[in-house]
Amino acid sequence: ADSKGGVVRVLVKDMLTSIPLSGVVAELLQFEDHDRDLARISSATSGEDGVAILRDIKEGFYCLRLSRDGYASRLLTQFENSSREITVFDPMPLCLSAQLAGRVVDEKGAPLANAKIAAGLALSPDGKRYVQNFFVEPGARGQPNAKSDADGRFILTGLPHGKVSLWVGR
C-alpha cells in the first residue's frame, strides 16, 4: 500500500533494565494556531517488541508524548517530519513513576495553604533531562502539579525517578 505521508517509529525501553515496553501510548502532538495547547494528531501503542509506529504523517513540526501506567510520561520536543520519510527514535527510555510529598511554609515556618506547586526541570537516573511537558511552568497541562492543603502539605505524582526542581507560587 502506498503511504500518504511520513512515518514515525519509536522503540521504548525501561530506563533501568533496557527491556522493551509494551503498552506504551505514543501520541503525535502539534501546536494549534498560536495556542499553547498541543493537539493530538495521531497515536499508536507499542507491541511486545516495544515498537510503536505512526503512519501517514503530514509534513510539519511535531512533538511526541510517550505514556504508560506506572511510568512517568515523556515528551520529545519539536522535530520535523517530512512526507514519505521515516523519523526514528531508537531507543527512547521511560522512567518509572515516582511521587514527592512535602510541605510549603513561609519564611516564619507557618504553613501556606493553596500554594501552587509544579515540577520543573527533571533529571532521570541516567543524568539526562527528562521532559514531561513543552511548557515547564506551574499549572501547565501535562506537567505534574498540585495545590497545598490548609497545613501546607502537597503530593506531586507522575514524576520520573531522579532529581526534580519545584516551582512554588500563589
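Predicted model: local features only at pLDDT ≥ 70, side-chain atom pairs only at ≥ 80, totals over all residues.
P91 sits in strand β7, where strands are DSSP runs of E of at least two residues, numbered from the N terminus. Residues are numbered from 1 along each chain as its sequence is written, and side-chain values use heavy atoms, with hydrogens and water left out.

Stepping back to the whole chain, the tally is zero helices (DSSP runs of H or I, at least four residues) and twelve strands. Read along the sequence, that gives β-β-β-β-β-β-β-β-β-β-β-β. Of the 170 residues in the protein chain, 41% are buried, meaning under 20% relative accessible area, while exposed means over 50% and partly exposed lies in between (1.4 Å probe, protein chains only).

One piece of the strand layout is an open sheet of three strands, in the order β10-β9-β12 and with antiparallel pairing; two strands pair if DSSP finds at least two bridges between them. At the edges are β10 (145–147) and β12 (163–169), each pairing on one side only. From one strand to the next, the twist averages 25 degrees, with axes taken as lines fitted to C-alpha atoms and angles running from 0 to 180 degrees between N-to-C directions. Strand β9 (residues 116–123) and β12 run antiparallel and are joined by six bridges. Here A122 stands opposite V164 in β12.

Then there are the aromatic rings. A ring pair is described by the distance of the centres and the angle of the planes. Rings of Phe, Tyr and Trp (its six-membered ring) pair if their centres lie within 6.5 Å; planes under 30 degrees apart count as stacked, over 60 as edge-to-face and the rest as tilted. The count by this rule is two aromatic pairs. Y62 and F79 form a tilted pair, because their ring centres are 6.4 Å apart and their planes stand at 40 degrees. Y62 belongs to strand β5 (residues 60–67) and F79 to strand β6 (residues 74–81), 17 residues apart. F79 also pairs with F89, this time edge-to-face, because the centres are 5.1 Å apart and the planes stand at 80 degrees. With F79 in β6 and F89 in β7 (residues 86–94), this pair ties together parts that are ten residues apart in sequence. Together, the ring pairs link Y62, F79 and F89 into a cluster. Both Y62 and F79 are buried, and F89, at 16% relative accessibility, counts as buried too.

On the cysteine side, zero disulfides turn up, a disulfide being a pair of cysteine sulfur atoms within 2.5 Å. C63 is buried at 1% relative accessibility, and C95 is buried at 3%.
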